[in-house]
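User: I would like to learn how to read salt bridges in a protein model. Could you start with the general idea and then take me through the cases here?

Analyst: Side chains of opposite charge can pair when their charged atoms come close.

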Amino acid sequence: MEDRFLEFVKFDLQIIALSVFALLYALKVYQLMKLPWPREMGPRRGSEELGVVYSFAWLFFPWSMSSTTQHLGRWVEFALYHLGAGAAILGTFTIPFWPAIMTRPVSLTMAALVIGGFIVGAIKLARRIIAPELRVVSTPDDYFSLAAVEVFFFFTAMALITEARGWMIAYFLITAAFLFYVPFSKISHYVYWFFARVFFGLRYGRRGIIAGKRA
Amino acid sequence: MEEQKTVVEQAKEELEKRFSRTLAVAASNLCVHCGLCVDQCHYFVATRDPNISPVAKAEQVRRVVKGEHDWLRRIFPWWTGAKELTEEDLDKWVEAAFRNCSMCQRCVVNCPLGVDTPLVLATARGVLTAVGKAPEILVQLADAAIAREENLEFFKDFYLEQIKELEAELQKKVGDPEARIPVGVEGARFLYVPLSGAHTIMPAAEIFYHAGESWTLSMFEAANYGIFLNDPVRSKRITERIIREAERLKVQEIIITECGHAYAVSRWEAPKWFKDQPWNFRVRSILEVMDEYIQTGRIQVDKSRNPFSVTYHDSCNLGRNSGLFDEPRRILAACVEDFREMTPNRERNYCCGGGGGLVAIPEWQDIRLEAGKPKADQIRATGAEAVVASCDNCRHQLGEINEHYGLNVRVMGMAELVANAIVPNNGKK
């Protein structure tokens, strides 16, 4: 009975949750694509294509923005946090669908990344509570989303370290709950991030501000 | 009889009209409230007020937009801070969008996610203009520019008389009684569009004279206050005067004087408004023309004629909004002996605080000068004796900052500096 429950949360529930998740995102993107897009029309001064490449690349080069140059620690936090998130999400696929690669060293490496993300998450949550400039713009969703990711990180790390059935069940239940919540919350920022970086690259590239400046 | 709409209903309607793909992204869950934009804003750097950081300003508008368009916010508005628009909100938007933001775009280039905060606030400006809550002076200035075209015959003679006086000055300056400031010349290569005031005509006229340029002066001013209102109807109308003049005179290029927003409007925004009536002339800034003259040897300059130390202020509209970074630096390398970069510069440069139409609003002078402190600190750190800005609004603000913070620098335009450095050649005769 317990094995069947584990199988259910590992496979069936994940597939249901992922389908809902994908459907909601598809709907979001569809709604976005229906809207008018006021594109740049002025003769090019630089390259739109290079602008888009630069726009995405900026994220990986902390020296490309004053904000990340001034706050290098925040950029490191960002990197660790998203590496942790990546590892936690990866686990939801590899554990049920590709168990052969989940050797002990792989599990522990992923757990280490997730723990890194968890620590950064705690710092982010504390900062949001303490810093007046963040408090003034924070909503319950901001606090809850951070806390929810912390819970997700915690159960992921425990599942990866112990590989015990109880932690696994909890991990997959939390994952499914997460998949249902994410499209509604600020955690869905990465869907819009893709569009925002494209828009930014097209505009600032075409105008010769960030890439391919005209000689 | 149809009931008259309330201000809030009109505002919501206007907001809906402006809801585009770019705005939908900027006003979505994209912003995670990380706060990295906070100290990239000169207002925050100067005041340390968390309520006027970019994210805090945009959030006021974003919460209303999301209230209309976000799923979760429609069901549980309190969870995400979403709210129904009220007239009180609109009054707060005036502060956030017109008073506490100069549309400098420094927050966008420093946002790891690419949240277009100025787009959100510019949308608020457009909505406020549509419901009659925009600063009256900006509306009046935009309308005055439109009225000038409508009453051109009334202004024409007086304007031509003034130009004749300037022409006499030019002749005296270059020592050539044949030197001209041409107006309304058909077939000229350039239509030069100045601002109000001789300071945007005389140095350019001198440079064109020495370059032996074929040019003609516009009957209109380049300034376009419609863009500060984010009012596409007024902005288009103001730009249209110049475009029609250029078409009538069959010029090859429109050259915009040293004015950041006027250049950005003509170069980047206007093509969107006239996409069904494309024109066949180029739009350039006088900066690009001066750079070309110097690089091609069409004018000779001598840097020893500007023996003082100079720093350069990148106007947000020319730099971060239009990509004119190298041209002014090449000019300065040729025209001054001691050029000192500000830190940071180029797309990272701080706004002087005078952008977004703020220099025209006397009642907000206090916050404008306060927000100019990072710029004052930048200038002071260079130890330069002069600061050059290629934007008239920036120059106005820098002049006030100079006085307010006791910087003791000379505020100059680039054309003035080039005109100083020119080696006379008797008009390439």
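Analyst: A:Arg206 forms a salt bridge with A:Glu48, their closest N and O atoms lying 2.8 Å apart, where a salt bridge means a side-chain nitrogen of Lys or Arg within 4 Å of a carboxyl oxygen of Asp or Glu. The pair links distant parts of chain A, 158 residues apart, with A:Arg206 in helix H9 (residues 189-206) and A:Glu48 in helix H2 (residues 48-57); helices (H or I, at least four residues) and strands (E, at least two) are DSSP runs, numbered from the N terminus. This is a predicted model, in which local features need pLDDT of at least 70 and side-chain atom pairs count only at pLDDT 80 or more, while totals for chains, interfaces and linings use all residues. Side-chain values use heavy atoms, without hydrogens and water, residues are numbered from 1 along each chain as its sequence is written, and chains are lettered from A and ligands numbered from 1 in the order in which they are written.

User: Is A:Glu48 buried or exposed?

Analyst: A:Glu48 is buried at 7% relative accessibility, and A:Arg206 is buried too, at 12%, given that buried means under 20% relative accessible area, exposed over 50% and partly exposed in between (1.4 Å probe, protein chains only).

User: Which residues meet B:Glu186 in a salt bridge?

Analyst: The side chain of B:Glu186 meets that of B:Lys250, at 3.5 Å from N to O, and both residues are exposed.

User: How many salt bridges are there over all chains?

Analyst: The count comes to 54.
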